[in-house]
Amino acid sequence: MRKQHFYHALKVDEQLCFGCTHCMNVCPTDAIRIRDGIASIHRNLCVDCGECMKVCPVEAIFVEQDDFQNIFDYKYRVAVLPSVFIGQFSKQISEGEIIDVLKGLGFTHVVPAEATVDSLNEAMLEVHNADHEKPLISSFCPSIVRLIQVKFPGLVNNIIATKPPIDSTAIYYRKLLLDEGKKAEDIGIFYVTPCASKIATVKDPVGESTSFVDGVINMDFLYNKVYHVLKTRGEEYTQKDENVPYISPKGLKWSLTDGESDHMKGRCLAIDEIHNVISFLEKVENDEVINVDFLELRACDQSCAGGVLLTENRFLTVERLKTRAERLEKTKDYYTEITPVHKEFIKDTLQLGKIEPRSVMSLDEDMGTALKKMERVRRIMCYLPGIDCGACGAPNCESLARDIVMKDAHLSNCVFLQRMMEKTKKLDPMHSIRIIEKTWGKDRLDKDCKKKGAKNESL
Ligand code: SF4
Ligand code: SF4
């Protein structure tokens, strides 16, 4: 049976939110509404891109994470570590030192999330060589996959149906430990995430029925812990782990912009930042882009280096990772080969299940009913003024029309139609005030000289 909702890692702290609408205005999928003066996220429309979190002036939007202490429920505690975590540290700190600190914090194994990119790259090139719809679109960024599901359903079949590296690495590493004779119940795999969308996909993988990891740890939380240890450790420290298993120049750069497209064939484009991606996909959908073989699309500016849970500057992170990759390229003594048997295993597990379109489906689970509701949305649009003012608590008139069809709002939520209804005596003015209070909260219309920009703001 089709799942009703996506899982979401982003939450709104209702105590902090004051309904300023900044988040609603930047959301690329119109997923945010203001109700009772507080932002709420529409679960079926949100793609976990984190844009709302970046603009909230009071940090009311946050990313839920698992309790770090959960790692100690397992005898073998594996951190699946994306390269951008390492990229946040200056080049004076070696990769081995970072792994040492992580082990000191409680992990028994640390594996780069990009350990399996060679096998993944091979599988992607096989799809390129096969007779597949072009342009192929990478499945690396979960926000992009969800964006295509909800906003560009006609392009769903262009997505290469391979698991992203975090999933394939988690599956591979579990297998490795099992083959070493460790018991399944003793193994806990934890993903250190740079963004909300990776949490969402780990908890609720697109095209899969179960998750491959046992928990998720936010990257900013772990970075602060590692940074503190590095800052406060004594002079007597000597590095234990000389080499990091499975780290490679290609893996270090895979999650950066151009990381995948540099290793694909034909005409390849790399586009980052979700609004850039949306404009480009609109062109693809309108057949304005031809003869492109591969699209690497990432929701964040500078790809994973710009993830909302990174602490360091994204441009510095990119530069540091490229420097590390160059150094590794020269030394050549870094790499731990994955055995041929395990390579076969990884290859066999890379295929993703079917990725379903979800655009009109957000109106109804049944396609026929969803299309009828879409028709009603179009009819309601005839009555709305079409100026997208946001005064109804929805980001634009079309979103209000959808909310009306979904019985989450009424025509009278539109402030312009309210005036018309009052004029024709279909609505009494007190009722209008109550509607506005329901959207913006009861105190919103009270005089308050301490609110932002008002007379006594600084008092
Ligand atoms: S940006 Fe959104 S979540 Fe933050 S205070 Fe404004 S309305 Fe609330
Ligand atoms: S995470 Fe992105 S899609 Fe979801 S509500 Fe925030 S801005 Fe909108």
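In this predicted model, Tyr227 is partly exposed, with a relative accessibility of 38%. Tyr227 forms a stacked aromatic pair with Tyr223, and the structure holds nine aromatic pairs. The structure contains zero disulfides, and 13 residues surround ligand 2. The points below treat the aromatic pairs, the charges over rings, the cysteines and the ligand shell in turn.

**Aromatic pairs**

- The structure holds nine aromatic pairs. In one of them, Tyr172 and Tyr246 have ring centres 5.8 Å apart and planes at 85 degrees, so the pair is edge-to-face.
- Tyr172 belongs to helix 7 (residues 165–179), while Tyr246 is in the loop between helix 9 (219–232) and helix 10 (249–254); the pair therefore ties together parts that are 74 residues apart in sequence.
- Tyr172 is buried at a relative accessible area of 1%, and Tyr246 also counts as buried, at 9%.
- The pair of Tyr223 and Tyr227 is stacked, with 5.8 Å from centre to centre and 20 degrees between the planes.
- Both Tyr223 and Tyr227 lie in helix 9, four residues apart, which corresponds to about one turn of the helix.
- Within this pair, Tyr223 is buried at 5% relative accessibility, whereas Tyr227 is partly exposed at 38%.
- Phe68, Phe72, Phe107 and Phe221 are linked by ring pairs into a cluster.

**Charges over rings**

- Lys182 is positioned over the face of Tyr76, 5.1 Å from the ring centre.
- Arg298 places its charged end over the ring of Phe140, at 4.1 Å from the centre of that ring.

**Cysteines**

- A disulfide is a covalent bond between the sulfur atoms of two cysteines. The structure holds zero disulfides.
- Cys304 counts as buried, at 10% relative accessibility.
- Cys414 is likewise in no disulfide, and its nearest cysteine sulfur, that of Cys397, is 6.4 Å away.
- Cys414 is buried, with a relative accessible area of 5%.

**Shell of ligand 2**

- Ligand 2 is surrounded by 13 residues, and the closest are Leu10, Cys27, Cys46, Cys49 and Cys52.
- By residue type, the shell around ligand 2 comprises nine nonpolar, two polar and two charged residues.

Technical notes
Residues numbered from 1 in each chain as written. Chains lettered and ligands numbered in written order. Predicted model: local features only at pLDDT ≥ 70, side-chain atom pairs only at ≥ 80, totals over all residues. Heavy atoms only, no water. Near = heavy atom within 4 Å. Nonpolar A, V, L, I, M, F, W, Y, C, P; charged D, E, K, R; others polar. Phe/Tyr/Trp six-rings, centres within 6.5 Å; stacked < 30°, edge-to-face > 60°. Helix = DSSP H or I, 4+ residues; strand = E, 2+ residues; numbered from the N terminus. Buried < 20%, exposed > 50% of the residue type's maximum accessible area, 1.4 Å probe, protein only. Lys NZ or Arg CZ within 6 Å of the ring centre and 35° of its normal. Disulfide = S-S within 2.5 Å.
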